[in-house]
Amino acid sequence: YLTFPIVLTPPPPPSKTDTSSVNPASAGSNTTKCDVFVSKVSQDDSPVQRITRQIRDKFVVSESSGETSTSVIQQTVQQIKDCSVYLVCLSDSFIENSQAMSELLYAKKTLGKTVIPVVIGKSSNWMQTTAGMLLAGQLYIQFGSEDVYDEKTSELQSNLEKLVISDSGGASKIVAEKSSGLPPRVFLSYCWSNSKSSFDAGQVRSYTGHPFSDPRRLKADIEEMIGEKVWLDIEQLDSVQGSGMFGQIADGLKDSLIVVMCVSKEYTNSQNCQMEANFALRSLHKEAIVLEVGSGLVGDRNDWVRSSVGMVLPTDQKPYILTADTVNTFEQYSEIIGQICRKLKTALLEPIDAAEGKAGPIVASSIEAKESKSSLRASVPMVGDAVVAQYAAWQFFPAKVASFDKRSMKYTVNWDDPDPSCRVQPYHLVAVNVTATDNLIGIGSSILFKQGVYQFGSSSGDVWNLGEITDIVTEDGVKYYSGKHSKTAADGLAVATWPSYRPTFERARSYDLRLFPNAMEMLQAFENL
């Protein structure tokens, strides 16, 4: 586990002259135990003190202050460990304070504490940060209006009474399993836009699905039935930024034995979900159980089946269906979850591999592993490789890779012409300059296609453009691809003003297209090759 710099302070000693505020439960005791630990920043002292003033009459309360002395840090770590409930006071100031965010990470992720989120003010910026990811799906109490202040205070007290009296201390069976250091053997891959919990938490503006197809609910029910921890992004990720997020997802997939994939039109439209699916099935050759969620509409189903994700899904099984038109009762839902869990238990009870000391099936053979490495090497731009990279204004030109920065996930390239500008580009806008593989291209795939010719001094050549596949036709065993520009003049697309510009392209062959690297495959390739 990561070690975070926890900077907290013990509760102030009771006044020698004013005994009215002394909690008898804590008077005369040097113990670090408390009922409620309040995590806050000094900018919010006034509203937080108003909120906590009433709960101090019933509970032993400790709170953070931002002090950094060794003695305070040591005492604080113990206070968080010993508290029954961790109360986090969220605000714009809180999410901008690295020490405050470290407290939340330590309490929620490392210790698995019971957390009550309290929102100070009306801002919802915290939902788009690591705090929002960590607290996804939890109901929060918002003190944003004076009109509802008394109501929210009562709600907070009621929740605390239930949680503190239960003396759970956040030490559930699943948390204990997590603390054992063993990575989850089941990985849940899903799209937030199919989760009602994500919608209720304000993480997405809308969702497609229903309560019986919410992947986050599925995760909880699967854990209960198989008695094992399931990998879920909002519980496992420390970061939602760049290589940190992709690297952690890649590690979760590599450590897992089986992937439960909740597919839908929304899933296949998500670039991150496409990366997960392709890395799990094409690169790692993981075993998968496929569930269809989302609308269940024929058009939507056709879209995901014909997508690049649909093309790599297992062909020896039919997806379990959890769409609104199929499952609308608890009995139907329970039957399907039972079938899924029975299949999971069978897969997880395979013999232990003595060489590795790991339980579960050996999914990828040595031949498949070599194919996986070959696939990684072919799809990921490496130093010296010929590539097609963005230059500016969504124009893409031939170049060679000079270097790669793993931390920023950016390439430095040398253009084939003598232009020295715009040489540093993000990974997702740099493609290996080789013919795209047919089985990796599906409806919705992001590709590069040729349209237009450029002139730079004595150099000239084709202009590559960012596009999206909209149709695939197979004639006499040959695939033809049609699509459209992904960018328009409103996005600053330079070629939109050129005489050769057309908004679409038709009947391109795979050798006319280029594919971008998968971020997870890229990180894996630079780690292993």
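Predicted model: local features only at pLDDT ≥ 70, side-chain atom pairs only at ≥ 80, totals over all residues.
**Aromatic rings**

I started with F404 and Y411, and both are buried. By buried I mean under 20% relative accessible area, with exposed over 50% and partly exposed in between, using a 1.4 Å probe and protein chains only. Residues are numbered from 1 along each chain as its sequence is written, and side-chain values use heavy atoms, with hydrogens and water left out.

I then looked up how many aromatic pairs the structure holds, and the number is 13. Rings of Phe, Tyr and Trp (the six-membered ring for Trp) pair if their centres lie within 6.5 Å; planes under 30 degrees apart are stacked, over 60 edge-to-face, and the rest tilted. F212 and Y333 make a tilted pair, because their ring centres are 5.6 Å apart and their planes stand at 35 degrees. F212 sits in the loop between α8 (196–200) and α9 (215–226) and Y333 in helix α16 (residues 330–348), so this pair ties together parts 121 residues apart in sequence. I checked burial here too: F212 and Y333 are both buried. Back to F404 and Y411: with ring centres 4.7 Å apart and planes at 45 degrees, that pair is tilted as well. I also noted one aromatic cluster, formed by Y391, F397, W415 and Y454.

**The chain as a whole**

I counted 18 helices and 20 strands. These are DSSP runs numbered from the N terminus: helices are H or I with at least four residues, strands E with at least two. The chain has 529 residues, and 50% of them count as buried. Of the contacts with a separation of 6 or more, 71% are between residues 24 or more positions apart. A contact means heavy atoms within 4.5 Å.

**An open sheet**

In which order do the five strands of the open sheet stand? I read β7-β6-β8-β9-β10, with parallel pairing. Two strands pair if DSSP finds at least two bridges between them. At the edges are β7 (230–231) and β10 (320–321), each with a single partner strand, so one side of each has no neighbour in the sheet.

Going strand by strand, I found β6 (residues 186–189) joined to β7 by two bridges, and F187 stands opposite W231 in β7. Strand β8 (residues 258–263) and β9 pair over six bridges. V263 has E292 in β9 as its bridge partner. Two bridges join β9 to β10, where I321 stands opposite E292. I also checked how enclosed β9 (residues 287–292) is: five of its six residues are buried, so the rest of the structure largely encloses this strand.

I put the volume of the second largest pocket at about 860 Å³. Of its 34 lining residues, those closest to the centre are S446, L515, F516, P517 and N518. The pocket search runs on a 1 Å grid over the protein atoms alone: a cavity is a set of points where a 1.4 Å probe fits but cannot get out, a pocket is an open set with protein on both sides within 12 Å along at least five of seven lines, and lining residues have an atom within 4 Å of a point. Grid points are joined across faces, edges and corners, and the volume is the space filled by probe spheres set on them.

Which element gives the largest share of the lining? I found that α13 does, with five residues. By class, I listed 12 nonpolar, 18 polar and four charged residues in the lining. Ala, Val, Leu, Ile, Met, Phe, Trp, Tyr, Cys and Pro count as nonpolar, Asp, Glu, Lys and Arg as charged, and the others, including Gly, as polar.

Is α13 mostly buried or exposed? I see 11 of its 13 residues buried, so α13 is largely enclosed by the rest of the structure. Among the buried ones are C273, F279 and R282. Just after α13, H285 takes a positive phi of about 55 degrees.

**Single residues**

D476 has a positive phi near 55 degrees. I place D476 in the loop between β17 and β18 (478–485), and D476 is exposed at 84% relative accessible area.

R507 has a positive phi of about 50 degrees. This residue is in strand β19 (residues 504–508) and is partly exposed at 43%.

My last stop was S39, in strand β1 (residues 36–39), which counts as buried at 0% relative accessibility. Leaving out residues up to four places away in sequence, S39 touches several others, including S64, Y86 and E103.
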